Amino acid sequence: MFGLGYVFYFALFIVNGIAVLSEDRFLNRIGWGSQRNQFQQYDGDDVKTKLVNLINAIRTVLRVPLIVINIVVIVYELILG
């Protein structure tokens with residue numbers, strides 16, 4: 001069935017996907033790069049600005065914890081499969 005383990009894996013995959021987005025190759029192309037937002041004036045309530053800030057926060061703050069969590073999940077899967 002569907003359990004909390006699947007929800008954890010889904011959240012981990014989504015955060016990993018956000019963390020590995022390349023700003024030069026992907027985000028700047030669609031206008032979501034952080035440098036583009038520095039020169040434009042947006043309201044603080046703009047959804048696009050909040051998403052760009054969330055992506056940048058995930059990429060900076062969660063870098064080391066994601067490495068540790070991914071190692072733990074890989075070892076868990078190798079041992080207990």
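Start with helix α4 and show its side chains. In this predicted model, the buried residues of α4 are Thr 49, Val 52, Ile 55, Ile 58 and Arg 59. Color them apart from the rest of the helix.

Now select all of α4, residues 47–61. The helix has 15 residues. From its first C-alpha to its last, α4 reaches 21 Å, close to the 21 Å expected at 1.5 Å a residue.

Next, select α1 (residues 4–19) and α5 (residues 63–80). How do two packed helices get described? By the angle between their axes and the distance between the axes. Here the axes of α1 and α5 come within 11 Å. They cross at roughly 135°. That angle is why α1 counts as oblique to α5. The crossing of α1 past α5 is left-handed.

Stay on this pair and show side chains. Which residues meet? On the α1 side, select Phe 8, Tyr 9, Leu 12, Val 15, Asn 16 and Ala 19. On the α5 side, select Leu 66, Ile 69, Asn 70, Val 73, Tyr 76 and Glu 77. Color the contact of α1 with α5 by class: nine residues are nonpolar, two are polar and one is charged.

Finally, zoom out to the protein chain. The secondary structure comes to five helices and zero strands. Along the sequence, the pattern reads α-α-α-α-α. Color by burial: buried residues make up 17% of the 81 residues. Then turn to contacts with a separation of 6 or more: residues 24 or more positions apart account for 58% of them.

Note on methods:
Residues are numbered from 1 along each chain as its sequence is written. This is a predicted model: local features need pLDDT of at least 70, side-chain atom pairs count only at pLDDT 80 or more; totals for chains, interfaces and linings use all residues. Side-chain values use heavy atoms; hydrogens and water are left out. Axes are lines fitted to C-alpha atoms, for helices over the stretch in contact, and angles run from 0 to 180 degrees between N-to-C directions. Helices (H or I, at least four residues) and strands (E, at least two) are DSSP runs, numbered from the N terminus. Angles under 35 degrees count as roughly parallel, over 145 as roughly antiparallel, 65 to 115 as roughly perpendicular and the rest as oblique. A crossing is left-handed if the near helix is turned anticlockwise from the far one by less than a right angle, and right-handed if clockwise. Contact means heavy atoms within 4.5 Å. Ala, Val, Leu, Ile, Met, Phe, Trp, Tyr, Cys and Pro count as nonpolar, Asp, Glu, Lys and Arg as charged, and the others, Gly among them, as polar. The expected span of a helix is 1.5 Å times one less than its number of residues. Buried means under 20% relative accessible area, exposed over 50%, partly exposed in between (1.4 Å probe, protein chains only).
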